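Subject: Handing over a structure

Dear colleague,

Here is the structure I promised to pass on to you, and below it I have written out what was found in it. Please read the notes with the structure open beside them.

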Amino acid sequence: MAGKVFDRVCPFCRLSVDAGLSNGLVPWSLRCPCGAIALGSPRPKDVIDAMIKHYDISPSSEEYGDFHASTAWTRDFHIDTRDGGRSVEMPDSVIVHWRWFLRKLPWEKPAGPMTDRENLEWLTKQAEKFYDLMYDSRRPGNEYREAKEAFEDAIALAWKMGLGDEAARLEKRLSHIKAVYTKQFSGF
Ligand SMILES: [Zn+2]
């Protein structure tokens, strides 16, 4: 068998994965604790269709053409993807094509109730993540708006907590990001 052999190691976090996905979209699947999934099928096209169902997204063919032909479009949905290689599965020695996917969720869910300090850290983390995503996006206006919202919430919270230096730092960061957006991305 030519090409890479599927090794069950998550390419995003390097964990060796053995838990399956329960939704049964394709006969072979894995789920990594980091949130990544691996989908396997004898037909690579079915892997893409299962991923689209799994994430409940609807890429339009007018915009993306044949979305089975390339996976570059998944970036617009914040989905990172890697070829997983192939495995031979019993009983019929069928060759299964694997692909890994990791969706960078827009607003990460907090683990539970947060103190103001934890909330401030969480908001700052979301803000910086949206700012990073802006560079990968075909519609950076969306990410910019989310980043701005998260920064504004963080700034308001920092003032409320009496953390003037932190609020000032965040305001400076937000002005920088506004400037970057205006200079490089506006018009999208
Ligand atoms: Zn992982």
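Arg14 counts as exposed because 9 C-beta neighbours lie inside 10 Å, where exposed is defined as 12 or fewer other C-beta atoms within 10 Å of the residue's own, buried as 20 or more, and partly exposed as anything in between, with the C-beta atoms placed from the backbone. Arg14 lies in the segment before E1, and its phi is positive, about 70 degrees, although Arg14 is not a glycine. As background, most residues other than glycine have a negative phi, and most peptide bonds are trans.

Before going further, please keep in mind that this is a predicted model, in which local features need pLDDT of at least 70 and side-chain atom pairs count only at pLDDT 80 or more, while totals for chains, interfaces and linings use all residues. Residues are numbered from 1 along each chain as its sequence is written.

Now to the protein as a whole. Its secondary structure comes to five helices and four strands, which follow the pattern β-β-α-α-β-β-α-α-α along the sequence; helices (H or I, at least four residues) and strands (E, at least two) are DSSP runs, numbered from the N terminus. The radius of gyration of the protein is 20 Å, whereas a compact globule of 188 residues would have one near 16 Å; this radius is taken over C-alpha atoms, and the globule rule is 2.2 Å times the number of residues to the power 0.38. Taken along the principal axes, the C-alpha atoms fill a box of roughly 65 × 40 × 25 Å, and 25% of the 188 residues count as buried.

Strand E2 (residues 37-41) is largely enclosed by the rest of the structure, because five of its five residues are buried. Ile37, Leu39 and Ser41 are buried on one side of E2, and Ala38 and Gly40 are buried on the other, so that both faces are covered. E2 pairs with strand E1 (residues 28-31) in the antiparallel sense over four bridges; Arg31 has Ile37 in E2 as its bridge partner, and Leu30 stands opposite Ala38 in E2. The hairpin of E1 and E2 has five residues between the strands, and Gly35 in the turn has a positive phi of about 105 degrees. E2 is also joined by five bridges to strand E4 (residues 94-103), and these two run antiparallel, with Gly40 opposite Trp98 in E4.

The segment before E1 also holds Leu21, which counts as partly exposed because it has 16 C-beta neighbours inside 10 Å. Leaving aside neighbours within four places in sequence, Leu21 is in contact with Ser29, Leu30, Arg31 and Ile37, contact meaning that the C-beta atoms of two residues, placed from the backbone, lie within 7 Å.

Two further details belong to the loop between E3 and E4. Pro91 has its place in this loop, and a cis peptide bond, with omega about 5 degrees, joins Met90 and Pro91.

How do two of the helices pack, that is, at what angle are helix H4 and helix H5? Helix H4 (residues 140-160) and helix H5 (residues 164-185) pack at an angle of about 165 degrees, with their axes 9 Å apart. That makes H4 roughly antiparallel to H5, since angles over 145 degrees count as roughly antiparallel, under 35 as roughly parallel, 65 to 115 as roughly perpendicular and the rest as oblique. The axes are lines fitted to C-alpha atoms, for helices over the stretch in contact, and the angles run from 0 to 180 degrees between N-to-C directions. Among the residues that meet are Tyr144, Phe151 and Trp159 in H4, and Leu170, Ile177 and Tyr181 in H5.

With best wishes

Terms used
Pairing = 2+ DSSP bridges.
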